[in-house]
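Trainee: Could we go through this structure together, one question at a time?

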Amino acid sequence: MSSAEIESVLHENRVFEPSSDFVKQANISGMPAYQVLCDEAERDYEGFWARHARDNLLWQKPFSRVLDESDAPFFKWFDDGELNASYNCLDRHLNAQPNKIAIIFEADDGTVTKVSYKQLFHKVCQFANGLKSLGIKPGDRVVIYMPMSIEAVAAMQACARIGATHSVVFGGFSAKSLQDRISDAGAVAVLTADGQMRGGKEIPLKPTVDEAIAMGGCGSVKNMVVYKRTGSDISMQEGRDVWLSDLVQNQPDVCEPTWVKAEHPLFILYTSGSTGKPKGVQHSTAGYLLHAILTMKWTFDYKGSDVFWCTADVGWVTGHTYIAYGPLAVGASQVVFEGVPTFPDANRFWKMIEDHSVTVFYTAPTAIRSLIKLGAELPKQHDLSSLRLLGTVGEPINPEAWIWYYQEVGGGRCPIVDTWWQTETGGHLLTPLPGATPLKPGSCTFPLPGIMADIVDETGESVPKGHGGILVLKKPWPSMIRTIWGDPERFKKSYYPDDFRGKQYYLAGDGASRDEDGYIWIMGRIDDVLNVSGHRLGTMEIESALVAHDLVAEAAIVGKPHDVKGEAVIAFVVLKGARPSGEEAKKIAKTLRDWVGQDIGAIAKPEEIRFGDNLPKTRSGKIMRRLLRAIAKGEEITQDVSTLENPQILEQLKETI
Ligand code: WTA
């Protein structure tokens, strides 16, 4: 990051204190209470986590060991304990609050369906028994490719109940991406739906699964379960495919949970890295669930009267921790939404907050920015007085968007928790505590108690206040990634590289700086990963997709700042034939964009494609990405280009189509 960038964030010095009303009722009330927890963790790290694990999880067999570092960096937590995640999310509420609403589901067209904890429990049990009847066993991997629905949450819970490891694939991913994930995970079954509804449009799902399987490499898949959502005409393969309604029809509505070891893989979730194919981030059962529960209580200040709404899709980690597990484990009523924020119009979120009396609302900066654009005045037309707390996740929030969210949505009364975390961290790590932390717009503030975050230089030394560096975690924590599915070497290389002079630090892959008051400001990825609308995309993945096209000889992807998406994908392409211009260039650009959409998914389509006879390279043949980033931004090239083999290429690449 440039010193100018650091300068600009460090000049943000407005501070918003939590109101005394909020502080009074908060689970962690005031900075001294936060400090007490931090000190406890500092003094007795294992004791701190053990206490929380005993207080917050229901154990079938209690653990006697806390942290096992003998095979570091493959850390184990609570590993001789046994439990079940679904039992911890559902059964525990059956006596106390069986009729409390667990999920308020709002479909794309506005239809609302509610299920109580008891109803959800029975649904999950029937689903789990159905999966068992197909021969699915503990440890088997099950891919879930479903629309946002009560059934998708039930599918995840049903897998957890029988000890199967789920791997949810976002419904916007292409057949090719799905095939990669099914085959890498060696899934025995795929749970899907005929289609999904988003923004009034029907998007097929089952046909995409069929297409993925037809690509080969998915021989492990023996069964497909299909939830009827749209009623569209699809083909079912005899002996392999079954409708969800048929599968569960005669199943008992009680299913004994399968007790698993604390370290049993609850799920694998694929995410982009800087090199190669997406990596299967493997999470544990106990440590993961513990952090989901703690952050519901700490970050979201969860109270029994809350109506919680996280707008993420269950295809992303946010939808795992803050839809499928966290809210259920604490017994919350939560909204689950099928559609998009702009359908039928940009009032949708505000109307839903009003209709369902949402108290805690958690969304992405990109959604906030797009809703500001589409109607900054719209929140005023709704009664949003039920809200008491707001949250953001996925990317840095710019101070202007923060202030708007705070004033217009939160009425100046709701703290905003800007939560920094990753697929790999399982839950929030850096975030304000709403009843304690004075907020600075755009800063994720401080680490949670027990999270040993620091900003260091290349040698692993902490950087002084007012400086930037590399974000690391100096100690393992319970909800951390356990390994990359099937590739432990890659796990070590990606997260525990031999940098930092032998210190064993978790490398988050983000740059960050700390201001004079110690507040942490995330500066974005330091690797070749883009963050487009809060979604992680590896530049290599998109480059590989492009060069797989017959027309393309070479491609380089960079990110460019975008006022709604945060970052936009810009592609620099060299064709095998001559450099195209005019209409031809437009036509080829469209072909290539569609190609990337088909190969990865619509989110990866380049916003812009520029053609050159070559890419700017050093004499040793390395592509100079820094120059490409400058060109994409439209900046004057002030950098030294003396090592450049072919400086005339830069002029060509400045041309847009
Ligand atoms: C970025 C999403 C700034 C960061 C939960 C991280 C953020 C990546 C924030 C993980 C935030 C996430 N402020 N940047 N509050 N939250 N990021 O795995 O670059 O999809 O490394 O997890 O998103 O993205 P992922």
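The questions below cover ring pairs, charges over rings, a helix and the ligand.

Trainee: How many aromatic pairs does a search of the whole structure find?
Mentor: Remember that this is a predicted model. Ring centres must lie within 6.5 Å to pair. The search of the whole structure gives 40.

Trainee: Is the pair of Trp309 and Phe337 stacked or edge-to-face?
Mentor: Start with the ring centres, which are 6.0 Å apart. Then take the planes, at 85 degrees. Planes over 60 degrees apart count as edge-to-face. So the pair of Trp309 and Phe337 is edge-to-face.

Trainee: How many residues apart are Trp309 and Phe337?
Mentor: Trp309 is in strand β16. Phe337 is in strand β17. The pair links distant parts of the chain, and the separation is 28 residues.

Trainee: Is Phe337 buried or exposed?
Mentor: Buried means under 20% relative accessible area. Phe337 has 6%. That value is under the cut-off, so Phe337 is buried.

Trainee: At what angle are the planes of Phe349 and Trp350?
Mentor: Both residues, Phe349 and Trp350, are buried. Their ring centres are 6.3 Å apart. The pair is edge-to-face, because its planes are at 85 degrees.

Trainee: The charged end of which residue sits over the ring of Tyr45?
Mentor: Tyr45 belongs to a cluster linked by ring pairs, with Trp49 and Trp298 among the other members. A charged end sits over the Tyr45 ring, 4.9 Å from its centre. That end belongs to Lys475.

Trainee: How many residues of α7 are buried?
Mentor: Helix α7 covers residues 150-162, which makes 13 residues. From first C-alpha to last, α7 reaches 18 Å, close to the 18 Å expected. The helix is mostly covered, and the buried count is 13 of 13.

Trainee: How much of the ligand's accessible area does the protein cover?
Mentor: Around the ligand there are 17 residues, with Asp418 and Arg536 among the closest. A backbone N or O atom of Thr419 lies 2.8 Å from a ligand nitrogen atom. A polar side-chain atom of Asp510 lies 2.7 Å from a ligand oxygen atom. On its own the ligand has 530 Å² of accessible area, and the protein covers 95%.

Technical notes. Residues are numbered from 1 along each chain as its sequence is written. This is a predicted model: local features need pLDDT of at least 70, side-chain atom pairs count only at pLDDT 80 or more; totals for chains, interfaces and linings use all residues. Side-chain values use heavy atoms; hydrogens and water are left out. Rings of Phe, Tyr and Trp (its six-membered ring) pair if their centres lie within 6.5 Å; planes under 30 degrees apart count as stacked, over 60 as edge-to-face and the rest as tilted. Helices (H or I, at least four residues) and strands (E, at least two) are DSSP runs, numbered from the N terminus. Buried means under 20% relative accessible area, exposed over 50%, partly exposed in between (1.4 Å probe, protein chains only). A charge sits over a ring if NZ of Lys or CZ of Arg is within 6 Å of the ring centre and within 35 degrees of the ring normal. The expected span of a helix is 1.5 Å times one less than its number of residues. A residue is near a molecule or strand if one of its heavy atoms lies within 4 Å of it. A polar contact is a pair of N or O atoms within 3.5 Å; within protein, one must be able to donate a hydrogen and the other to accept it, and residues adjacent in sequence count only if both atoms are side-chain atoms. Accessible areas come from the Shrake-Rupley method with a 1.4 Å probe; for residues, only the protein chains shown count as cover.
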